[in-house]
Amino acid sequence: MSPRKSFRKPSPTSRRTRSRTGLALTAGLSASALVLTACSGGGSDDGGGGGGADDPIVVGISLPLTGDFSEPGKGVQRGYEAWAQFVNEDGGLLGRQVELKILDDQSNADRVVQDYEALIAQDEVDLVFGPFSTRLVVPSARVAEEYGMLFVEPAGAANEVFEQGFENLFYAAPAVADDHYNHLADHILAMPEAERPATVAVAAMDDPFAQGTAYGLRDKLAEGGVDVVVDEVYPPNTTDFSSIAAKIADSGAEMVIGGTQYQDAVNLIVALQQLDYQPEMAAFSTAPTNPEFSEAIGAKTEGILSPTGYTETASWPSNVEFVERYTELHGTPPGEDEANAYTTGQVVAAAVEAVGCAEQGECQQELVDWLRDNEVDTVVGPLTWDETGRPQGAHLIQQYVDGEIQIVLPEDAQEAELIFPKPAW
């Protein structure tokens, strides 16, 4: 058992950050919704981490439970809470129970900074997990880096995450955003030129992840000779897609790519449906894997494509158990957001059990060093990372076939044949 933690003295930079945000922090905490997953085992009176063998291991997390990213944010919350519950049912980490301390950052980058400052410096949590969205991962990772905390995150896949020079960050998924559609790009470019889509329209949210997924596919197709005829960017809070949809429909593009989160994809697809725009191929990031997607667009999903780092049917040993236990808990199987959050917990737990500690201070660097040199088996498969925290894998391509979203690429993992051209929606 590792000795009781000694709190890491913040760097001059982090002291400046706290003095700059101190007043806002107090207000922020009173406004944030605190969700505490309290598990068996005693804790300190202030809910903070650290302590003896009977004290819980406290994990600090900030998530977008309200605001633009609230839909996937709640999925991540479910995944984290399932991980904590199952770990505790199985005896805990290092023989200690796990508690999650979750704050609502309201999908706001300033708020997420305040939350992680409070969790680390005031609450003195033992570990931190990352939030949802590249927009929130980058600023929160800076806070974690200043305090020397291991920072494993489930949803910051854009290139800019890995260009910051973070030394403590690991992305808990198979591939970064730019590579999500690699299997689809390869498939399209391998088609005879006369049969594949010749033109493509692109619409992407002004968000690093959404743009990363869309532009990775766009650029690969453009390099292969496909003509990009529409290339639109819209703000994250956009609800009216009539003008963008009109541009896409007027272009007659044979393929449409949406760099989307959830509600924006739904609104864009509905706008395209209303104009009776019928592409031969349609790909939207994130949204199609959401359980509510089919109902939201009128169940006209057939042929829609999306990359995914997770499928509930994967035969990885821990995934089989995860799906069974999660489904028993919630009545429905987990989605990608839940799985990536659960993977985050698995990655951190593997390091904690291997190193034998979970606390602030020198322990955090030991956890980082272990992950740099080891592979971790997870519900999304075995994961390894490069020096920037990029995972060294690839995403699967899913498509709605016969009303169900199924793996269609790569061929050695497919559950159904890819549909082309896409049926009318």
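## The disulfide

The link of C357 and C363 is right-handed, with 95 degrees about the S-S bond. This is a predicted model. In it, the sulfur atoms of C357 and C363 lie 2.0 Å apart and form a disulfide. The count for the structure is 1 disulfide. A disulfide is a covalent bond between the sulfur atoms of two cysteines.

Are C357 and C363 buried or exposed? Both cysteines, C357 and C363, are buried.

Q364 sits in helix α12, which covers residues 362-373. Why does Q364 count as buried? Its relative accessibility is 0%, and buried means under 20%. Q364 is therefore buried.

Which residues does Q364 touch, leaving aside neighbours within four places in sequence? The contacts are D126, L127, G148, M149, L150 and E359. One of them, G148, is 216 residues from Q364 along the chain. Yet the C-alpha atoms of Q364 and G148 are separated by 6.6 Å.

## A β-α-β unit

Strand β7 spans residues 199-205. Helix α6 spans residues 208-223. Strand β8 spans residues 227-234. Together, β7, α6 and β8 make a β-α-β unit, and this unit is right-handed.

How do β7 and β8 pair? They run in the parallel sense, over 7 bridges.

Terms used
Residues are numbered from 1 along each chain as its sequence is written. This is a predicted model: local features need pLDDT of at least 70, side-chain atom pairs count only at pLDDT 80 or more; totals for chains, interfaces and linings use all residues. Side-chain values use heavy atoms; hydrogens and water are left out. Two strands pair if DSSP finds at least two bridges between them. Helices (H or I, at least four residues) and strands (E, at least two) are DSSP runs, numbered from the N terminus. A crossover is right-handed if, with the strands pointing away from the viewer, the path from the first strand over the helix to the second runs clockwise. A disulfide is a pair of cysteine sulfur atoms within 2.5 Å. Buried means under 20% relative accessible area, exposed over 50%, partly exposed in between (1.4 Å probe, protein chains only). Contact means heavy atoms within 4.5 Å.
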